[in-house]
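Here are my notes on the model, as numbered points. Please read them with the coordinates open.

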Amino acid sequence: MNAPGKNLFRLAHLSDLHLPMADGPPSWSDVFSKRLFSRISWRTKRRHIHRPEVLDLLFADLLAHEPDHIAVTGDVTNLSLADEFDRSFGWLERLGSSESVTLIPGNHDRLVALKPDEGPSRWQRWMRGDNGRAEFPFVRVRPPVALVGINTAVPTPLFSASGRAGADQIAALGKRLAELGAQGLYRIVLIHHPIGEGIAPERKALVDRAAVRAAIAAAGAELVLHGHTHTADFYSVDGPLGPVPVIGVPSASAIASEREARPGKVNHAARWHLMQIVETPAGWRTTVNARRLSPSGSFETCGTFAFDAPKVQANLSIAS
């Protein structure tokens with residue numbers, strides 16, 4: 001057993017809020033865009049699955065645990081409409097200040113092409129790095145943790161929900177991770193789309209996930225967090241000092257759907273994760289407490305697991 005740790009940090013992770021939409025007919029511009037089909041999907045199915053009362057319960061449970069920081073990995077909206085962004089501020093402010101909450105966008109937050117001042121850029125205060133610039137990847141250091149936010153949200157054709165990071169962002173990601181590792185920080189990559197193979201169907205996958213994995217394999221990270229799949233995912237990718245854990249969390253507002261309740265399927269009801277990160281003599285120990293909406297309508301622990309990671313030696317670059 002490791003000696004008692006130091007630098008305790010408690011991070012809450014939630015994703016895919018899919019906030020309730022205002023009722024009303026689509027605009028003429030929506031009729032001739034991907035939004036029309038997404039609106040039909042919301043009206044006929046998704047609004048019955050993503051419930052504001054579930055999100056209220058999750059927020060209350062999460063805040064009762066008093067995490068040091070909260071990470072939201074995208075899909076706050078459904079159709080990336082202006083009124084959705086307007087109403088999102090109230091929900092995000094309930095979680096905490098922009099200094100204690102970090103957000104990255106998801107594909108629903110860039111469902112169609114938007115003007116720079118219309119879309120996720122309105123969330124800059126939650127996505128701005130410590131350098132004060134609104135850029136991706138951004139870095140927020142909350143000792144002993146460094147949060148690295150990636151943007152994979154790009155407009156896609158009808159029936160596609162794929163993502164792309166892009167070569168420039170991936171190159172910058174590798175550089176930032178190497179720099180933060182040399183500082184001896186616990187590096188957490190926040191990304192909406194999963195980076196593993198077979199985690200999402202191809203039409204919903206990150207198209208340049210192999211390049212993202214290559215950057216992590218060269219520079220290293222201690223943890224990767226994502227959403228998008230609405231499932232509980234746990235796997236690993238290669239890192240220079242060993243496997244890097246990757247954890248995906250289901251939608252924060254979902255009840256279990258009929259499809260998800262079929263025999264052999266996991267109950268993907270609303271869930272959030274509380275990660276306790278402790279520095280130990282051997283490196284880092286991370287304990288994950290998974291909190292899920294129960295059939296009784298309250299949140300309860302549905303699993304706890306832990307993993308260890310070596311610590312990068314300060315001032316030692318591990319990038320190739």
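1. A salt bridge here is a side-chain nitrogen of Lys or Arg within 4 Å of a carboxyl oxygen of Asp or Glu. The structure holds 15 of them. This is a predicted model, in which local features need pLDDT of at least 70 and side-chain atom pairs count only at pLDDT 80 or more, while totals for chains, interfaces and linings use all residues. Residues are numbered from 1 along each chain as its sequence is written, and side-chain values use heavy atoms, with hydrogens and water left out.

2. Arg142 takes part in a salt bridge with Asp130, with the closest N and O atoms 3.2 Å apart. Helices (H or I, at least four residues) and strands (E, at least two) are DSSP runs, numbered from the N terminus. Asp130 sits in the loop between helix H5 (124-127) and S4, and Arg142 in strand S4, so the pair links distant parts of the chain, 12 residues apart. Arg142 also forms a salt bridge with Glu99, where the closest N and O atoms are 3.4 Å apart. That pair links distant parts of the chain as well: Arg142 is in S4 (residues 138-142) and Glu99 in the loop between helix H4 (82-95) and strand S3 (101-104), 43 residues apart.

3. Is Arg142 buried or exposed? Buried means under 20% relative accessible area, exposed over 50%, and partly exposed in between (1.4 Å probe, protein chains only). Arg142 counts as buried because its relative accessibility is 15%.

4. Glu135 and Arg133 meet through their side chains in a salt bridge of 3.4 Å, N to O. Glu135 is partly exposed at 28% relative accessible area, and Arg133 is partly exposed at 47%.

5. Strand S6 (residues 186-190) is mostly covered, with 5 of its 5 residues buried. Tyr186, Ile188 and Leu190 point one way from S6, and Arg187 and Val189 point the other way. In a regular strand the side chains alternate between the two faces of the sheet.

6. Two strands pair if DSSP finds at least two bridges between them. S5 and S6 pair in the parallel sense over 5 bridges, with Gly149 opposite Leu190 in S6. The chain crosses from S5 through H6 to S6, and this β-α-β crossover is right-handed. The term right-handed applies if, with the strands pointing away from the viewer, the path from the first strand over the helix to the second runs clockwise.

7. S6 and S7 run parallel and are joined by 3 bridges. Ile188 stands opposite Leu223 in S7, and Leu190 stands opposite Leu225 in S7. From strand S7 (residues 223-226), Leu223 and Leu225 point one way and Val224 and His226 the other way, and all are buried. The chain passes from S6 through helix H7 (residues 209-219) to S7 in a right-handed β-α-β crossover. S7 is in turn joined to strand S9 (residues 244-248) by 3 bridges, and these two run parallel. Val246 in S9 is the bridge partner of Val224.

8. A nonpolar core is a set of buried Ala, Val, Leu, Ile, Met, Phe, Trp, Tyr and Cys residues joined through side-chain atoms within 4.5 Å. The largest has 47 residues, and those with the most contacts inside it are Leu14, Leu58, Val72, Trp123 and Ile188. Apart from it lies another core, of 25 residues, among them Ala146, Val189, Ala215 and Val244. Contact means heavy atoms within 4.5 Å. Not counting residues up to four places away in sequence, Ile188 touches Leu11, Val145, Ala146, Leu147, Val148, Leu223, Leu225 and Ile277.

9. Thr156 is in the loop between strand S5 (145-149) and helix H6 (167-182). Thr156 is buried, with a relative accessible area of 15%. Its side chain reaches the backbone oxygen of Ser160 at 2.8 Å. Leaving aside neighbours within four places in sequence, Thr156 is in contact with Lys34, Leu111, Ala161 and Ser162.

Notes. A polar contact is a pair of N or O atoms within 3.5 Å; within protein, one must be able to donate a hydrogen and the other to accept it, and residues adjacent in sequence count only if both atoms are side-chain atoms.
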